[in-house]
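Here is a short briefing to read alongside the model.

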Amino acid sequence: MKNQIAAFLIITGLSLSQASALEPRRPPPHVENELCKKASVSRIQADGVSGFDSGKNYCAEPSKNLPMNVLGLLKKVEGIHLKIASLLGSTLEQTFVRPVEIRIEAYSSGSMASYASDEGIHLTVLPSWQLSDFASMVYAHEIMHYLSLNPGSFSRTIRGLDHHPFFFEALPDLISTAIFDSPQMKVGERELPTCLRIQRDESPIKSLKAPFQNYYAFAGSDSVLNCCAKLRPSDFGDLAAKVCRETKDDRSEANRARRSAEAEKTFQASAYTDANLQTSFSPTQCRKGYLGGVTTLENCDFHQFAHPLVSFFFRLKKLTGRPLVSSFLKAVRDRSETSVVFDCGYVRGTRDSGDERAQVALRPLLPSFVALRESLGPLDQKSFDQAWKEHGMERFVDLDHLFRTETEEWEKRFAVQANNSLYNSRFHCENSANFAQEACRVSCQIVEKKQR
Ligand SMILES: [Zn+2]
């Protein structure tokens with residue numbers, strides 16, 4: 001639930017930040033103190049949170065003046081940053097080329113609205129927040145979004161796969177669970193009941209052959225609402241009641257929006273009927289086709305693919321006796337140069353507006369899984385094949401194929417939109433109703449294609 005909000009805001013954050021590139025440069029940032037610099041952090045600011053001075057950037061203070069809660073936070077954050085760099089087979093400096101701004105903001109619903117932008121991490125917390133409430137796994141998830149939006153070893157690793165449905169939200173979870181060595185994601189406040197607080201359990205294998213219901217766009221709110229329905233009145237604290245109420249309201253609104261879009265035939269997609277939701281998942285159910293030949297895979301919730309991806313690697317670890325996430329990331333990085341790169345622009349862009357071009361890199365993910373398998377000895381390859389089968393990963397092959405063949409047009413438009421904010425606000429090319437308009441048409445040339 002929180003991550004869904006996060007994903008939405010990440011996309012907003014991307015276009016907003018790219019828009020600001022047109023404005024005069026910001027003044028150079030202050031010099032961080034030694035401890036912040038060591039942790040690759042350029043700002044720690046907490047607003048409305050007890051024990052912190054609101055508005056103060058603690059990284060601009062001399063290290064010797066930092067209060068204990070800030071010192072403790074820096075230590076936790078530095079530890080996470082180091083673990084991420086190590087998992088990527090990289091250094092802290094190569095991973096965190098741009099130091100992170102951390103903003104902690106009091107919010108009455110707690111951590112559920114945390115998000116990342118290209119500048120840093122916004123952690124929403126209850127006003128009574130203390131360092132012991134720091135949601136390490138949420139931070140680790142969000143920091144991967146931040147890294148994907150900035151230069152450095154992570155964005156190089158995932159080049160061509162940025163919006164891959166099996167990666168965009170699932171890879172941050174895989175990395176978070178790998179560095180904390182637990183398939184469970186602890187995502188909520190301590191006072192919440194377990195089923196609201198912890199995503200995923202250890203044991204059952206999460207297969208891609210599960211019903212479509214597990215992957216459709218409302219699967220995240222389903223799991224919250226199912227939890228809420230199971231709670232006894234005595235389980236409800238104020239926070240749980242608020243989370244349940246807000247999720248219910250958001251869901252009603254989402255249902256209403258979906259029904260009206262279906263009535264207006266804005267898109268073509270697999271319907272969310274009970275019969276459909278109970279069929280075994282097929283990647284084509286993720287297709288959302290718009291006018292003008294633009295297709296996304298957003299009839300599914302990409303967060304839900306973290307279940308099979310995390311489950312696959314923990315199963316593999318159990319079968320082979322060793323963690324393979326780092327080797328997998330290496331296989332992903334090794335193939336980043338195989339991306340096809342397009343140079344794209346608006347067909348109707350003029351010198352006044354809409355003439356900024358954008359580069360789009362795309363590649364399939366399957367070859368990296370194949371390379372990981374090939375890097376293993378014969379016994380471990382057998383384990384790989386077993387885990388692959390148990391997780392219904394042949395459906396990942398289809399999903400990967402859809403990503404590469406059907407979402408290319410959307411990828412190109414998204415990149416061009418982000419670089420042409422003036423033109424975009426004039427012609428509203430991000431609005432699916434305008435996808436077929438001539439003003440929104442994009443043309444591209446291939447600039448790079450290496451075969452390997
Ligand atoms: Zn996310």
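Predicted model: local features only at pLDDT ≥ 70, side-chain atom pairs only at ≥ 80, totals over all residues.

Valine 41 has valine 100 of strand 2 standing opposite it. Overall, the protein has 18 helices and twelve strands. Its radius of gyration is 22 Å, close to the 22 Å that the globule rule gives for 452 residues, so the protein is as compact as a globular protein of that length.

- Strand 2 and strand 4 run parallel and share six bridges; isoleucine 102 has isoleucine 121 in strand 4 as its bridge partner.
- Where does the antiparallel pairing come in? Strand 3 pairs with strand 4 (residues 120-125) in that sense, over two bridges, and tyrosine 115 has histidine 122 in strand 4 as its bridge partner.

- Three strands form an open, antiparallel sheet in the order 7-8-9.
- Strand 7 (267-269) and strand 9 (294-296) are the edge strands, each with a single partner strand, so one side of each is left without a neighbour in the sheet.
- On average, neighbouring strands of this sheet are turned by 20° against each other, direction ignored.
- Strand 8 (residues 288-290) pairs with strand 9 in the antiparallel sense over three bridges. Here tyrosine 290 stands opposite valine 294 in strand 9.

**Strand 10 and its partners**

- Which strands pair with strand 10 in the antiparallel sense? One of them is strand 11 (residues 358-362), over five bridges, and another is strand 12 (residues 442-449), joined to strand 10 by seven bridges.
- On the strand 11 side, valine 341 has alanine 361 as its bridge partner.
- On the strand 12 side, aspartate 343 has glutamine 445 as its bridge partner.

**Helices worth a look**

- Helix 10 (residues 238-263) has 26 residues, which at 1.5 Å a residue should span 38 Å; the end C-alpha atoms of helix 10 are 38 Å apart, in agreement with that figure.
- The buried residues in helix 10 include Leu239, Ala240, Val243 and Thr247. Among the elements covering the buried residues of helix 10 are helix 8 (194-197) and helix 9 (219-230).
- Just after helix 10, lysine 265 takes a positive phi of about 50°.
- How do helix 3 (residues 68-87) and helix 7 (residues 170-179) cross? Their axes come within 10 Å and cross at roughly 110°. Angles of 65 to 115 degrees count as roughly perpendicular, and helix 3 and helix 7 are therefore roughly perpendicular to each other.
- In that contact, helix 3 contributes Ile80, Lys83, Ile84 and Leu87, while helix 7 contributes Ile175, Ala178 and Ile179.

**Serine 336**

- Serine 336 sits in the loop between helix 13 (325-334) and strand 10 (340-346).
- Is serine 336 buried, exposed or partly exposed? With 17 other C-beta atoms within 10 Å, serine 336 is partly exposed, because a buried residue needs 20 or more and an exposed one has 12 or fewer.
- Leaving aside residues up to four places away in sequence, serine 336 touches Arg156, Thr157, Arg159 and Gly160.
- Serine 114 is 222 residues away from serine 336 along the chain, and the C-alpha atoms of these two serines are separated by 30 Å.

**The protein as a whole**

- Taken along the principal axes, the C-alpha atoms of the protein fill a box of roughly 55 × 55 × 50 Å.
- Of the 452 residues in the protein, 43% are buried.
- Among contacts between residues at least 6 apart in sequence, 74% join residues at least 24 apart.

Technical notes:
Residues numbered from 1 in each chain as written. Helix = DSSP H or I, 4+ residues; strand = E, 2+ residues; numbered from the N terminus. Contact = placed C-beta atoms within 7 Å. Rg over C-alpha atoms; globule rule 2.2 N^0.38 Å. Pairing = 2+ DSSP bridges. Axes fitted to C-alpha atoms, helices over the stretch in contact; angles between N-to-C directions. Expected span 1.5 Å × (residues − 1). Parallel < 35°, antiparallel > 145°, perpendicular 65-115°, else oblique.
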